[in-house]
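Work through these exercises with the model open beside you. Try each task before you read its solution.

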Amino acid sequence: MASSEQEKDKLGTGSVVKLVFELAIPSVTAQLINLLYNIVDRIYIGNMPVVGDLALTGVGVTFPIIMIISAFSAFVGMGGAPLASIRMGAGDQEGAQRILGTGTVMLTAISLILTVLFSIFRDPLLLAFGASENTLPYGSAYLGIYLMGTIFVQFALGLNPFISAQGYAKTAMLSVLIGAVTNIVLDPILIFGLNMGVRGAAVATILSQALSALWVVRFLSSSKSGLRIQRKYLRLDPRIALSIAALGVSPFVMQATESAVQVVLNSGLQQYGGDLHVGAMTICLSVLQLITMPAQGFTQGAQPVLSYNFGANKPERVRTGFKVMLCCTLAFTCLGWSVCRFFPQVLARIFTPKEELIALTAQVLPIFMFGIFIFGAQMACQSTFLALGQAKISLFLALLRKVFLLIPLALLLPLRFGAMGIYYAEPAADIIAALTTLTLFLLNIRKILDKERHQS
């Protein structure tokens with residue numbers, strides 16, 4: 001327990017710049033590793049002999065459902081962890097423990113409900129999300145196995161933020177590393193060695209998530225953790241559950257609307273362009289994740305510093321942490337934009353050997369990614385609102401880019417530009433949303449920090 005007290009004291013007194021990087025680098029590494037769960041699957045699947053392009057497209061159609069499952073883990077984890085961190089900063093260890101206990105019960109119930117519902121409606125949903133008769137068998141086979149590991153996904157992704165919230169960024173990173181390495185090793189064995197195809201990729205993924213979940217639960221049940229999963233706290237406290245939901249709805253919407261966006265994009269491209277365009281979008285979205293997930297990892301690493309010092313009433317440390325986060329997320333997204341602009345063919349070849357798909361992806365990727373350079377500003381501002389417990393603003397910003405901008409644009413622009421209109425929608429939404437978020441942040445941040453100081 002002494003080590004836990006030292007970690008908490010360090011969050012409130014150590015160098016902010018050093019703390020942000022100390023916590024963010026393992027978190028960025030964890031996000032990069034986490035990408036391997038999906039990216040490695042896609043690379044192997046896309047390079048399967050003869051049917052690789054159809055299999056890649058079929059698995060791509062499952063992403064909306066996978067994103068919804070991940071969104072529910074963020075609903076609890078990203079909603080509960082900042083609250084627990086704020087409570088620890090205020091010296092309320094009992095309150096932080098109750099938040100973890102309620103969160104664990106919520107994740108368990110959610111995983112059971114999702115497994116049943118998606119298993120029942122699997123094929124109709126995939127067809128609605130853009131699958132064709134040619135690609136449905138691959139998507140259905142992959143998802144049918146993936147759903148059996150839903151509880152592992154919920155625990156691995158939903159409880160890991162409670163480790164980061166205590167300042168144990170390296171431990172949180174290891175939980176992801178264990179699963180990713182297992183996935184990398186198992187993928188070629190099951191996909192090619194045992195000739196299981198997309199089923200092998202799904203089995204590798206759920207086994208990997210199971211190991212990650214075991215690691216997370218084991219740590220949060222041990223004496224090394226200041227926040228511990230204990231039987232007396234494993235109950236659904238309605239008041240705490242509502243607080244988690246109020247803050248967690250923002251990251252949930254961010255990820256769940258990503259699912260809705262993929263449905264709109266895939267369905268529109270199937271209508272205006274066919275399987276080839278759906279395959280190109282699968283690659284575009286994979287590259288988008290390669291850029292945004294490391295930046296997201298940086299914001300997640302910085303959040304405990306911001307939340308703890310906000311709870312401890314140290315606004316200058318919050319401001320310093322935000323400035324560091326903003327500079328780094330912008331650097332990530334600007335670098336990503338440059339790579340997409342000048343090396344689109346190189347990125348496309350990672351996912352497929354098919355020349356026709358490579359040519360189309362090289363054409364549309366620079367367009368799709370045109371607005372990503374400024375997206376780092378939105379990520380930093382939105383994550384700061386979340387870290388400071390600002391549920392209403394976080395929810396609005398989560399809805400803004402995808403629900404209010406991207407989805408309508410993706411439905412309207414194809415009427416004028418055909419399939420290319422769907423690719424134009426992404427940069428338009430990115431730029432408008434980022435400028436709006438930055439404006440709201442500048443108008444509100446001083447009031448939020450001053451209010452907390454006066455209340456204390």
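**Exercise 1. Overall form**

What radius of gyration would a compact globule of 456 residues have, and what does the protein have?

Solution. Keep in mind that this model is predicted.
- Step 1: start from the chain length, 456 residues.
- Step 2: a compact globule of that length would have a radius of gyration near 23 Å.
- Step 3: the protein has 21 Å, which agrees.
- Step 4: turn to the box. Along the principal axes, the C-alpha atoms fill roughly 60 × 45 × 35 Å.

**Exercise 2. Elements and contacts**

Solution. 
- Step 1: there are 18 helices and zero strands.
- Step 2: take the contacts between residues at least 6 apart in sequence. Of these, 83% join residues at least 24 apart.

**Exercise 3. Inside and surface**

Solution. 
- Step 1: buried residues make up 61% of the 456.
- Step 2: the protein exposes about 17,500 Å². Carbon and sulfur atoms supply 67% of that area.
- Step 3: The protein has 31 positive and 21 negative side chains. The centres of the two sets lie 9 Å apart.

**Exercise 4. The core**

Which residues touch the most other members of the largest nonpolar core?

Solution. 
- Step 1: this core holds 138 residues.
- Step 2: the residues that touch the most other members are Leu-159, Phe-162, Leu-220, Met-281, Val-287 and Met-369.
- Step 3: find the main contributor. Helix H12 (residues 275–311) gives the most to this core, with 16 residues.

**Exercise 5. Two residues**

Are Ser-111 and Arg-319 buried or partly exposed?

Solution. 
- Step 1: use the cut-off. Buried means under 20% relative accessible area.
- Step 2: Ser-111 has 1% relative accessibility, so Ser-111 is buried.
- Step 3: Arg-319 has 24%, so Arg-319 counts as partly exposed.
- Step 4: Ser-111 is in helix H5 (residues 93–120), and Arg-319 lies in helix H13 (residues 315–342).
- Step 5: list contacts beyond four places in sequence. Ser-111 is in contact with Thr-150, Ile-151 and Gln-154. Arg-319 is in contact with Leu-449 and Asp-450.
- Step 6: check one distance. The C-alpha atoms of Arg-319 and Leu-306 are separated by 8.3 Å. These two residues are 13 apart along the chain.

Terms used
Residues are numbered from 1 along each chain as its sequence is written. This is a predicted model: local features need pLDDT of at least 70, side-chain atom pairs count only at pLDDT 80 or more; totals for chains, interfaces and linings use all residues. Side-chain values use heavy atoms; hydrogens and water are left out. Helices (H or I, at least four residues) and strands (E, at least two) are DSSP runs, numbered from the N terminus. The radius of gyration is taken over C-alpha atoms; the globule rule is 2.2 Å times the number of residues to the power 0.38. Buried means under 20% relative accessible area, exposed over 50%, partly exposed in between (1.4 Å probe, protein chains only). Contact means heavy atoms within 4.5 Å. Accessible areas come from the Shrake-Rupley method with a 1.4 Å probe; for residues, only the protein chains shown count as cover. Lys and Arg count as positive and Asp and Glu as negative; His and the chain ends are not counted. The place of a charge is taken as NZ of Lys, CZ of Arg, CG of Asp or CD of Glu. A nonpolar core is a set of buried Ala, Val, Leu, Ile, Met, Phe, Trp, Tyr and Cys residues joined through side-chain atoms within 4.5 Å.
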